[in-house]
Amino acid sequence: MPDGRFEPAPPPEKGAPPGSLLRRLGWFVLLAAASGGAVILVAYVLRGLLFLG
């Protein structure tokens, strides 16, 4: 059951400018870094499993 801490943001009004370019690029860089880190972590764990046996 939701506890009310997070509420969805309302949709932007018609004619409202999109967010700043720096903010949008920041999200892209953050997501790219997080996905790259996840790939590195999984690859490291799978490589370690090869040497267990």
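Start with a surface view and select Leu41, Val42, Tyr44, Val45, Leu46, Leu49 and Leu52: in this predicted model, these residues form a nonpolar patch on the surface. Together they have about 770 Å² of accessible area.

Next, select valine 45, one of the patch residues. Valine 45 sits in helix 1, which covers residues 21-50. Its relative accessibility is 45%, so valine 45 counts as partly exposed, since exposed requires over 50%.

Now show the whole chain as a cartoon. How many helices and strands are there in the chain? The chain has 1 helix and 0 strands. The radius of gyration is 19 Å, well over the 10 Å that the globule rule gives for 53 residues, so the chain is more spread out than a compact globule. Turn the view along the principal axes: the C-alpha trace spans about 60 × 35 × 15 Å.

Color by accessibility for the next stop. Of the 53 residues in the chain, buried ones make up 0%. The chain has an accessible surface of about 5600 Å², and carbon and sulfur atoms account for 73% of that.

Select helix 1 by itself. With 30 residues at 1.5 Å a residue, helix 1 should span 44 Å, and this agrees with its end C-alpha atoms, which are 44 Å apart. Is helix 1 largely in the open or buried? The number of its 30 residues that are buried is 0, so helix 1 lies largely in the open.

Stay on helix 1 and pick glycine 37, which has its place there. At 35% relative accessibility, glycine 37 counts as partly exposed.

Is leucine 50 buried or exposed? Its relative accessibility is 68%, so leucine 50 counts as exposed; the cut-off is over 50%.

For the last stop, leave the helix and select alanine 16. Where is alanine 16 placed? Alanine 16 is in the segment before helix 1. With a relative accessibility of 41%, alanine 16 counts as partly exposed. Finish with a distance from alanine 16 to alanine 43: they are 27 residues apart in sequence and, C-alpha to C-alpha, 43 Å apart in space.

Technical notes
Residues are numbered from 1 along each chain as its sequence is written. This is a predicted model: local features need pLDDT of at least 70, side-chain atom pairs count only at pLDDT 80 or more; totals for chains, interfaces and linings use all residues. Side-chain values use heavy atoms; hydrogens and water are left out. Patches are made of residues with over 30% relative accessible area and no salt bridge: like charges are joined within 9 Å, nonpolar side chains (Val, Leu, Ile, Met, Phe, Trp, Tyr) within 5 Å. Accessible areas come from the Shrake-Rupley method with a 1.4 Å probe; for residues, only the protein chains shown count as cover. A salt bridge is a side-chain nitrogen of Lys or Arg within 4 Å of a carboxyl oxygen of Asp or Glu. Helices (H or I, at least four residues) and strands (E, at least two) are DSSP runs, numbered from the N terminus. Buried means under 20% relative accessible area, exposed over 50%, partly exposed in between (1.4 Å probe, protein chains only). The radius of gyration is taken over C-alpha atoms; the globule rule is 2.2 Å times the number of residues to the power 0.38. The expected span of a helix is 1.5 Å times one less than its number of residues.
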